[in-house]
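Subject: Structure handover

Dear colleague,

Here is the structure for your files, with the sequence alongside. My notes on it follow below.

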Amino acid sequence: MNGSRSAIRQFGIAFVWHQTWNPVTNIYGARDYIIGTLVTSFGAILIAAPLSIAIGLFLSELAPRRSAAVASLVEMLAAVPSVVVASGGFLVLGPFMRSDIEPALHSVLGWLPFFTGTPSRQGCSSRSSS
């Protein structure tokens with residue numbers, strides 16, 4: 001709340017439910033960002049909660065005692081910040097997604113509105129090739 005106090009003081013509480021974000025006219029609204037955060041958080045919980053409960057139950061009740069090393073690895077993974085895991089995902093899965101998965105999705109689902117446009121190109125960079 002302390003971080004948002006200055007925005008609410010300057011733009012009013014309507015800042016929370018207004019949609020417009022226009023720095024040129026100094027009009028700001030956070031509704032889309034709040035809804036996006038809620039939707040992605042709900043989706044993550046919907047996927048992660050059953051999966052983590054299933055893994056915990058399997059490791060504690062069903063897995064043979066020989067698999068104690070796997071349980072230790074799962075516990076170690078909990079200590080790694082999610083930012084580090086996400087960075088690894090971007091570095092490992094990013095090139096694969098761009099070269100293989102994205103064109104295939106675009107060719108099959110290109111008729112859907114959120115698959116419009118051209119797929120990103122392999123090797124795009126802001127550096128000039130000279």
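The chain has 4 helices and 0 strands, in the order α-α-α-α along the sequence. Helices (H or I, at least four residues) and strands (E, at least two) are DSSP runs, numbered from the N terminus.

This is a predicted model, in which local features need pLDDT of at least 70 and side-chain atom pairs count only at pLDDT 80 or more, while totals for chains, interfaces and linings use all residues. Residues are numbered from 1 along each chain as its sequence is written, and side-chain values use heavy atoms, with hydrogens and water left out.

Confidence

The mean pLDDT (the predictor's confidence in each residue, from 0 to 100) is 79 for the chain, and 88% of its residues reach 70 or more. A contact means heavy atoms within 4.5 Å. Where pLDDT is low, the predicted coordinates should not be read in detail.

Burial and surface

Of the 130 residues in the chain, 7% are buried. Buried means under 20% relative accessible area, exposed over 50%, and partly exposed in between (1.4 Å probe, protein chains only). The accessible surface of the chain is about 10900 Å², and 69% of that surface belongs to carbon and sulfur atoms. These areas come from the Shrake-Rupley method with a 1.4 Å probe; for residues, only the protein chains shown count as cover. Among contacts between residues at least 6 apart in sequence, 6% join residues at least 24 apart.

Helix α3 (residues 68-79) has 12 residues and spans 17 Å from its first C-alpha to its last, close to the 16 Å expected at 1.5 Å a residue. The expected span is 1.5 Å times one less than the number of residues. The number of buried residues in α3 is 0, so this helix lies largely in the open.

The structure holds 1 aromatic pair. The ring centres of W21 and Y33 are 5.3 Å apart and the planes stand at 80 degrees, so the pair is edge-to-face. W21 is in the loop between α1 and α2 and Y33 is in helix α2, so the pair ties together parts 12 residues apart in sequence. For the cut-offs, rings of Phe, Tyr and Trp (its six-membered ring) pair if their centres lie within 6.5 Å; planes under 30 degrees apart count as stacked, over 60 as edge-to-face and the rest as tilted. W21 is partly exposed, at 42% relative accessible area.

A search of the whole structure finds 1 salt bridge, meaning a side-chain nitrogen of Lys or Arg within 4 Å of a carboxyl oxygen of Asp or Glu. R31 and D32 form the bridge through their side chains (3.8 Å, N to O). R31 is partly exposed at 31%, and D32 is partly exposed at 37%.

I34 belongs to helix α2 (residues 31-62) and counts as partly exposed at 35% relative accessibility. I34 and W17 are 17 residues apart in sequence, with their C-alpha atoms 8.7 Å apart.

After α4

F115 lies in the segment after α4 (82-109). Not counting residues up to four places away in sequence, F115 touches L105, H106, L109 and G110.

Regards
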